[in-house]
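This report describes the architecture of a two-chain model. Please keep the sequence and the structure in view while reading.

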Amino acid sequence: MRSSLHQYRLEKVRKLFGRNQVALDGIDLTVRRGEKVALIGPSGAGKTTLFRLLNCTLRPTSGKVWMNGEDVEGLHGQKLRQVRRLIGTVYQQHNLVPRLKVIHNVLSGQLGRWSTLRSLVSLIKPAELKLAHQALSQVGIAEKMFERTDELSGGQQQRVAIARVLIQDPEVILADEPVSSVDPTLASTIVRLLIDISENTRKTLVVSLHSVDLALAYFPRVIGIKSGTAAFDLSPDKITEPMLEDLYAGNFRDTAMIEGTSERVDPVPYPTLS
Amino acid sequence: MNESTQSLIRPSPKSLFPYLFIALFILAFVDSWRRAGIEPLVLFERQGREHLWKFITGMFPPDLSWNFLSLMVRPALETIQISLWGTLIAVLIGFPLGLLGTQTLVIRGILNEAELQGAPVRRSLRYGLYFLARGVLSLFRSIPEFVWAFMFVRAVGLGPFPGVLAIGVAYGGMLGKVYSEIFEGVNYRPLEALQSLGANKLQIFFYGWFPQALPNFVSYTLYRWECAVRASAILGLVGAGGLGQQIEISMRMFNFNEVLTILIMLFFMVATVDYLSAKVRALL
């Protein structure tokens, strides 16, 4: 494989669910290594689907996706898992396993490296305690290591999810609405945390944010997504108020995050294939 | 199917279907009355009355003599032991087949989408596995454990072992089906996250699937164990050991007071198992 400066390259990517529900409608996108990108746009614009394409959970209906210069279309089985290992994802709903202890959720970041047997043994006697402790200290909740995950607050669970990504140590961090279910102060703390991780370890960072203010304040590149296409792709100083109004036209726009801690359900549930 | 149910809920004046359905429903019962040979009055005829009376009075008082009770200890223990091993074998059969029979694990949904799109060979292999597992499971459970026991008695001879096998196979079929339903019911989001960081299917299963399914998994398995205690008593009737064999012997000798003793023992055994499983469930 030729090495590539591009972390991601997407060409005319379309994704349809069923026969006529268009989630993505021809996206072209290039993300360089180490770049920090924020995605904004109304609910249902296709951001979650885009993330699922970027972390190889879904495949495009048409168009091409390259990761590190490699066409992901032909990847299956072991090779597909190897590529996925390089991509860490943080989700809005944390997507942790509620009944497991924090330590196991954190260590599951290692699953791409561990053998099946080793992962099973670790469920009984946790391996690499030091590593887990280090990751949890970095996100500031080391003392929660042996608690059951569902006993933690929403913000704490999101930190566990970030610790899992730290353990995974991927090339790319994707974060799909990572802060829309935590309060505003915590939200900017978590965004800062993600940016620090990205800068300290030169990881590519793609984050979708409900809050336009956070996106404009922290990211050098902001992409507006609307109706499955990129409406604009600019540095924040070039983004004008009319552009934002147009992006959210007819949609609820969350500027101040007044809801705070209210849990928001993912607007794009995964459609079943039946 | 969907339309017909809807018309049942809101019958339109033009549709004859609901009336037809109700007529068929009633007809089914009327006809079955005749063909099932239901004659309630026979129960109260002189002969029926006398037999019933003889059976019931014969049961009292139950035989609680030390002599008989000490004879029953072994068969009672045997019943429990049959149920234990029968259930264990059922889990060993039901668990892997239930896994392969879980649609969201094998053939569809977000955990298979990237894996199976554009991979026709892989896809047909997965579908083959899925239908094979489903087929074996329904075969195992559609044959009653009584019939299985009958066959295994022929195969391995009289005694508790055919009972163990019968429960293992028949209950394996039931457990497998229910396991797959439990597995399909778990929240897929944590699983999606594990997949996206590079975990394989087994790792996803043990880190995401199983922990979420554990309470239901354990409580259903324990419930089946309770059923197995009862079943292993019945299986004795075809010569598969345990208390059932004793019931059969006592019945044949018209010692109904012994039958009652055994039924009381069975009641306490099932109650104990129920109590134990409630304790375990409370721990989860």
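## Basis of the description

Axes are lines fitted to C-alpha atoms, for helices over the stretch in contact, and angles run from 0 to 180 degrees between N-to-C directions. Helices (H or I, at least four residues) and strands (E, at least two) are DSSP runs, numbered from the N terminus.

The model is predicted: local features need pLDDT of at least 70, side-chain atom pairs count only at pLDDT 80 or more, and totals for chains, interfaces and linings use all residues. Residues are numbered from 1 along each chain as its sequence is written, and chains are lettered from A and ligands numbered from 1 in the order in which they are written.

## Helix packing in chain B

Helix 4 of chain B packs against helix 12 of chain B at an angle of about 135 degrees, and their axes are 6 Å apart. Helix 4 of chain B is therefore oblique to helix 12 of chain B; angles under 35 degrees count as roughly parallel, over 145 as roughly antiparallel, 65 to 115 as roughly perpendicular and the rest as oblique. Residues are in contact if their C-beta atoms, placed from the backbone, lie within 7 Å. Helix 4 of chain B contributes residues including B:Met72, B:Pro75 and B:Ile82, which meet B:Gly242, B:Leu243, B:Gln245 and B:Gln246 in helix 12 of chain B.

Helix 13 (residues 256-283) of chain B has 28 residues and should span 40 Å at 1.5 Å a residue, which agrees with the 41 Å between its end C-alpha atoms; the expected span is 1.5 Å times one less than the number of residues. Its buried residues include B:Ile262, B:Met265, B:Leu266 and B:Met269, where buried means that 20 or more other C-beta atoms, placed from the backbone, lie within 10 Å of the residue's own. Among the elements covering the buried residues of helix 13 of chain B are helix 3 (46-59) and helix 11 (201-235) of chain B.

## The sheet of chain A

Chain A has nine helices and 10 strands, and buried residues make up 46% of its 274 residues. Six strands of chain A form an open sheet with mixed pairing, in the order 6-7-8-3-9-10. Strand 6 (87-91) and strand 10 (229-234) of chain A are the edge strands.

Strands pair if DSSP finds at least two bridges between them. Strand 3 (residues 36-40) and strand 9 (residues 221-226) of chain A pair in the parallel sense over four bridges, and A:Leu39 stands opposite A:Ile223 in strand 9 of chain A.

## Contact between the chains

In the interface, 29 residues of chain B are in contact with 35 residues of chain A. Helix 11 of chain B gives the most to the side of chain B that touches chain A, with eight residues.

Key. A residue is buried if 20 or more other C-beta atoms lie within 10 Å of its own, exposed if 12 or fewer, and partly exposed in between; C-beta atoms are placed from the backbone. Two residues are in contact if their C-beta atoms, placed from the backbone, lie within 7 Å.
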